[in-house]
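Biologist: Thanks for sitting down with me. Could you take me through this model and tell me what stands behind each label?

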Amino acid sequence: MSKTSLTGLLSSIRLTPHLPPESWYIVSSVTLSMLNKPDEVQHVFKYALEKDGGNTQKQLDIARRTREALVKSAAIGGLPKSINALYALKRVTPQNLLDEPLEYSPAGRSVELYDVPSSKIMQRGQAFFDQIYGKVSKRVMGQMDQSGTEDLGITARLMYGYILSNTSVLTALETSFVLLAGLIPQDVRIRISLNNHTL
């Protein structure tokens with residue numbers, strides 16, 4: 001995609017009225033990642049930084065929110081695409097906008113993994129799954145449990161518990177848009193409930 005056409009596309013997405021505020025760049029980044037265009041994620045990130053007005057805290061928020069969206073997208077699009085997009089993003093991220101490894105993590109997942117009872121995380125994940133899938137959540141989880149291996153249901157519970165239901169960086173609504181942005185380019189049947197509207 002040419003830089004001119006990408007800029008035009010990003011400008012129109014940025015002005016989409018029904019997206020949560022400041023989520024256009026996470027939706028764009030996830031979609032491009034799922035299309036296996038990790039280098040295009042770099043352009044989205046640079047464009048988002050240009051549009052912020054130079055505020056360092058806002059730039060840090062953009063960097064963290066983009067990284068979190070790409071981490072969450074691994075749950076629906078696969079870890080390799082997220083890895084590629086995150087490495088591409090890191091190559092253009094200024095040093096002051098990176099979180100140091102093994103230090104502070106805005107999502108707090110290492111704390112959750114080691115210090116929070118897993119039952120609490122799994123309950124949070126189930127509540128989030130129920131919120132996303134709405135009235136069909138029990139049926140969807142039951143189908144995964146009855147898929148020929150119970151491991152599919154366990155994998156979904158782990159992903160929703162430890163990855164998707166964490167709202168420290170992205171809200172539940174923003175995470176819903178991350179899921180949509182990752183599923184649509186893969187042409188996957190979408191059966192989630194967003195604000196009580198099944199999509």
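Modeller: Gladly, and let me begin with confidence. Within the chain, strand E2 (residues 197-198) has the lowest confidence, with a mean of 41, while H5 has the highest, at 96. That score is pLDDT, the predictor's confidence in each residue on a scale from 0 to 100. Helices (H or I, at least four residues) and strands (E, at least two) are DSSP runs, numbered from the N terminus. This is a predicted model, so local features need pLDDT of at least 70 and side-chain atom pairs count only at pLDDT 80 or more, while totals for chains, interfaces and linings use all residues. Residues are numbered from 1 along each chain as its sequence is written, and side-chain values use heavy atoms, with hydrogens and water left out.

Biologist: What is the average pLDDT of the chain, and where does pLDDT stay under 50?

Modeller: The average is 87, and 85% of the residues score at least 70. Residues 193-199 stay under 50, and the model has 17 contacts for them beyond four places in sequence; contact means heavy atoms within 4.5 Å. Where pLDDT is low, the predicted coordinates should not be read in detail.

Biologist: Why is Ser33 called buried?

Modeller: Buried means under 20% relative accessible area, exposed over 50%, and partly exposed in between (1.4 Å probe, protein chains only). Ser33 has a relative accessibility of 1%, so it counts as buried. This residue lies in helix H2 (residues 24-34) and touches Val41, Leu70, Lys81, Ser82 and Ala85, leaving out residues up to four places away in sequence.

Biologist: And why does Gln59 count as buried?

Modeller: Its relative accessibility is 17%, so Gln59 counts as buried too. Gln59 sits in helix H4 and, beyond four places in sequence, is in contact with Leu49, Asp52, Gly54 and Leu97.

Biologist: What makes the pair of Trp24 and Tyr25 edge-to-face?

Modeller: Rings of Phe, Tyr and Trp (its six-membered ring) pair if their centres lie within 6.5 Å; planes under 30 degrees apart count as stacked, over 60 as edge-to-face and the rest as tilted. By this rule there are 6 aromatic pairs. For Trp24 and Tyr25 the centres are 5.5 Å apart and the planes stand at 85°, so the pair is edge-to-face. Both residues are buried.

Biologist: Which residues touch the most other members of the largest nonpolar core?

Modeller: Tyr25, Val30 and Phe45 do, in a core of 29 residues. A nonpolar core is a set of buried Ala, Val, Leu, Ile, Met, Phe, Trp, Tyr and Cys residues joined through side-chain atoms within 4.5 Å. H2 gives the most to this core, with 7 residues.

Biologist: How do you know that the length of H5 agrees with its residue count?

Modeller: The expected span of a helix is 1.5 Å times one less than its number of residues. For the 14 residues of H5 that should be 20 Å, and the end C-alpha atoms are 20 Å apart, so the two agree.

Biologist: Which residues of H5 are buried, and what puts them on the same side?

Modeller: Ser82, Ala85, Ala88 and Leu89 are buried in H5. They cover an arc of only 130° around the axis, so they lie on the same side of H5; the arc is that of the directions from the helix axis to the C-beta atoms. The buried residues of H5 pack against H2, H3 and H4, whereas on the other side Leu79, Pro80, Tyr87, Lys90 and Arg91 are exposed.
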